[in-house]
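The report below covers the cavities and the residues around them.

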Amino acid sequence: MAKRGVVALATSMFVISTSMGIANPIVPLYAEKLGATYTDLGLIGVAWSAPYIVFPVLAGMWSDKIGRLRCFLVGVLTSTIVPLLFLLSSSPLHIALTRLFHGIGMSFLWAPGEAFISDVTSEEERTRYLGFFNASWALGFFLGPMMSALIVDEVGYVGVFLLSFSVGVFSAPILLAAKEPSGVKQRAQVGVLKQVKKAVARGLPFYVVITASSIVLAIVYSLYPAYLSDMALSDSEVSTIIGILAAARALGFWSMGVVPHLNELKAIAAGLAMQVAASLLIVEACGFLPVALIIALIGYAAGIQIPCATSLISKKLRREVAVSLGVLESMFGVGWVIGPGIGGFLADYTSWSGAPYVFMGLVSLASLAYFLMSAMRASQEKQREPSQ
């Protein structure tokens, strides 16, 4: 029953992420053609991300009351209608408002979904199932841009948005195959604010990792398509590049699920190191093949960090798992606000389109240094425990 529920949940996520993946690569291009500057593109990214700072915590809390799958369904239905709203957009402001609405809806996908998996799996198998769930998302974000790349030159943006909606409508019926488990919800005994403080105090190094990773991904998704367009890559090539990013993330998620005796701390450190290198290399990347290779490295780096950090946080805060995972998702929101907001401003202020990528490299380096120091400190404290 547990496996059936996880498979249904992951399949529903795959379908809705494919729908999003079809539309997402062309949204910055569409906005740019409507007159958006780099700053505007950054603000559109912020509008998409700002709700994600608050709503995932609320979604995690509400999933304790009304059920994980019902909360997940809210995110699915919201994401399904977003392509239709893009069709009605005629200015960068309209696109920003649609992104704001979508950001609220997306907040109901991850924390309830990850809490559902935490409810129905053991600690030993949790990383594997979380990796499977994350891979379903990433595979959709790979397949979607590939589909977009194949049709955008023929059917234009309207055709792409219609295809995105047509795919998304199948996600909700698939979710019905998953059943809410009984007797496994782990309700917290303290208030939400206390839970949030406890989660941040105990999981801060992992939350920093997630924030840095999301800053990198946010800049790539929100600003890089326009950067590639300025480099004379076609719309189909841009969509393909974004698809490669998602495919590499899926590979990272999958590899974390199959590695025996996985050392999650070392995997996170390795991912951060790759992220630092790729963030700096991307500034000088020219041409489709070099860009594709570096983007693949960025995607794989994110793919091996996220399920490991998620698993470690769920193990540290068992009774407050839904809220703690909501906090984790909020860190994605923080990163997606900081990345496009600062990155877009730096590109326009410095008149150098490479500035956002130097910024994400410096953020990744600082995150790696902090994570290594935190891991060393935790190891030293653990070694001293028997002698106390």
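What volume does the second largest cavity have? About 120 Å³. This is a predicted model, where local features need pLDDT of at least 70, side-chain atom pairs count only at pLDDT 80 or more, and totals for chains, interfaces and linings use all residues. Residues are numbered from 1 along each chain as its sequence is written, and side-chain values use heavy atoms, without hydrogens and water.

A cavity is a set of points, on a 1 Å grid over the protein atoms alone, where a 1.4 Å probe fits but cannot get out; lining residues have an atom within 4 Å of a point. Volume is the space filled by probe spheres set on the points, which are joined across faces, edges and corners. The whole structure holds three cavities of 30 Å³ or more.

| Cavity | Volume | Top helix in the lining |
|---|---|---|
| Largest | about 330 Å³ | H15, four residues |

Helices are DSSP runs (H or I, at least four residues), numbered from the N terminus.

Start with the largest cavity. Its lining has 19 residues, and Met106, Trp110, Trp137, Phe332 and Trp336 are the closest to its centre. Twelve lining residues are nonpolar (Ala, Val, Leu, Ile, Met, Phe, Trp, Tyr, Cys and Pro), three are charged (Asp, Glu, Lys and Arg) and four are polar (the others, Gly among them).

Now the second largest cavity. Helix H2 (26–33), H3, H6 and H10 each supply at least two of its lining residues. Among the residues of this lining are Asn24, Trp48, Arg99 and Tyr221. Its classes are eight nonpolar, three polar and one charged.

Technical notes: On a 1 Å grid over the protein atoms alone, a cavity is a set of points where a 1.4 Å probe fits but cannot get out, and a pocket is an open set with protein on both sides within 12 Å along at least five of seven lines; lining residues have an atom within 4 Å of a point.
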